[in-house]
Amino acid sequence: MAANNSPLPAGVTKEQAFGMAETEMEYRVELFNRLSQTCFSKCVDKRHVSSGLHLYFYGSRYKESELNMGENSCIDRCVSKYWLVNGLVGQMLSAGGQRPM
Amino acid sequence: MPTVEEMRAQEVWNNCAIRSAFSGVVGGGLGIFMGFLLGALDNPLMHDPDMSAKKQFIFTAKQMGSRSWSNCKTFALMGLVFSAAECVIEKARAKHDVTNTAVAGCVTGGAMSARAGPQAACYGCAGFAAFSVLIEKFIDRHS
């Protein structure tokens, strides 16, 4: 391992940097898992779909393995909105953290 | 998990223009075939003493050809409009439903009969919507 490629900020030991990176990694993984679960259950999982027409089959039986266009655009929009909300909430939290809550 | 080629192929197939062009071509082929069939049925070989057998054959072939071509254009347009409408509606609604098929059928029927006036357009819309919903249910049941 090459020594001192990127100098750590002052007052941060290597273990602390490792801990922060680990926390960040866990946060990222959790975000990804939650995002894909949310958009899957909203767009693809027929059990939780609320539509005007009745469901043709109950349960998770799929007719084809590929995403059709409706599901594709639904997932596009879902991910985009989730990401926007995530960024917005992060901004508000970081801005609100400067005042006492 | 799908491979990169499969995902790219799926992206290509999801493009509305490509999909409707493909449907137009398939509709054109169907129109040619149907025009052939109907032209052959409508012009039976009669024993005309004026024309020789070869001339009669050529005459029949020309009739079949012109009928095939007009049918081909009609069906190609129908397939194109239907597929384009269904694709656009499904992308806008972000749902895979039977209402996409019904509304697309209505648009197609209305567009095809719009020349004959608004009432004909309404009938064409309703009729074609019902027809396309039936065909969709039939296909879904057997696939």
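A94(B) counts as buried at 12% relative accessibility, where buried means under 20% relative accessible area, exposed over 50% and partly exposed in between, computed with a 1.4 Å probe on protein chains only. In this predicted model, A94(B) is placed in the loop between α3 and α4 of chain B; helices (H or I, at least four residues) and strands (E, at least two) are DSSP runs numbered from the N terminus. The phi angle of A94(B) is near 60°, a positive value in a residue other than glycine.

Apart from residues up to four places away in sequence, A94(B) touches G70(A), S73(A), C74(A) and R77(A), a contact being heavy atoms within 4.5 Å.

## Basis and confidence of the model

The model is predicted: local features need pLDDT of at least 70, side-chain atom pairs count only at pLDDT 80 or more, and totals for chains, interfaces and linings use all residues. Residues are numbered from 1 along each chain as its sequence is written, chains are lettered from A and ligands numbered from 1 in the order in which they are written, and side-chain values use heavy atoms, with hydrogens and water left out.

The scores of the model are ipTM 0.76 and pTM 0.77. For chain B, the average pLDDT is 87, and 94% of the residues score at least 70; pLDDT is the predictor's confidence in each residue, from 0 to 100.

## The largest nonpolar core

Which residues make up the largest nonpolar core? The seven residues are L35(A), C39(A), C43(A), V44(A), C74(A), C78(A) and A94(B). Such a core is a set of buried Ala, Val, Leu, Ile, Met, Phe, Trp, Tyr and Cys residues joined through side-chain atoms within 4.5 Å. Helices α1 (14-43) and α2 (69-96) of chain A each supply at least two residues of this core, and α1(A) gives the most, with three residues.

## N68(A) and its contacts with chain B

N68(A) belongs to the loop between α1 and α2 of chain A. This residue counts as buried because its relative accessibility is 11%. Leaving aside neighbours within four places in sequence, N68(A) is in contact with E90(B) and H96(B).

## The annotated span and N71(B)

An unreviewed UniProt entry annotates residues 20-41 of chain B as "transmembrane region". UniProt positions are given in the numbering used here, feature names are shortened, and annotations may be inferred rather than shown by experiment. In the model, this span is 100% helix and 0% strand, and its end C-alpha atoms lie 31 Å apart.

N71(B) is found in helix α3 (residues 53-93) of chain B. Its relative accessible area is 15%, so N71(B) is buried. Beyond neighbours within four places in sequence, N71(B) is in contact with G31(B), M34(B), G35(B) and L38(B).

## Aromatic pairs

Over all chains, a search of the whole structure finds three aromatic pairs. Rings of Phe, Tyr and Trp (its six-membered ring) pair if their centres lie within 6.5 Å; planes under 30 degrees apart count as stacked, over 60 as edge-to-face and the rest as tilted. One of the pairs joins W13(B) and F22(B), edge-to-face at 5.5 Å centre to centre with 80° between the planes. W13(B) is partly exposed, with a relative accessible area of 34%, and F22(B) is partly exposed at 46%.

The rings of F82(B) and F128(B) are edge-to-face because their planes lie at 70°, with centres 6.3 Å apart. This pair links distant parts of the chain, 46 residues apart: F82(B) lies in helix α3 and F128(B) in helix α5 (residues 118-142) of chain B. F82(B) is buried at 18% relative accessible area, and F128(B) is buried at 16% relative accessibility. F82(B), F128(B) and F131(B) form one aromatic cluster.

T108(B) is a residue of helix α4 (residues 98-112) of chain B. Is T108(B) buried or exposed? With 0% relative accessibility, T108(B) counts as buried. Its side chain reaches the backbone oxygen of A104(B) at 2.8 Å.

Not counting residues up to four places away in sequence, T108(B) touches M78(B), V81(B), F82(B) and F128(B). Among them, F82(B) and F128(B) are members of the aromatic cluster with F131(B).

Terms used:
A polar contact is a pair of N or O atoms within 3.5 Å; within protein, one must be able to donate a hydrogen and the other to accept it, and residues adjacent in sequence count only if both atoms are side-chain atoms.
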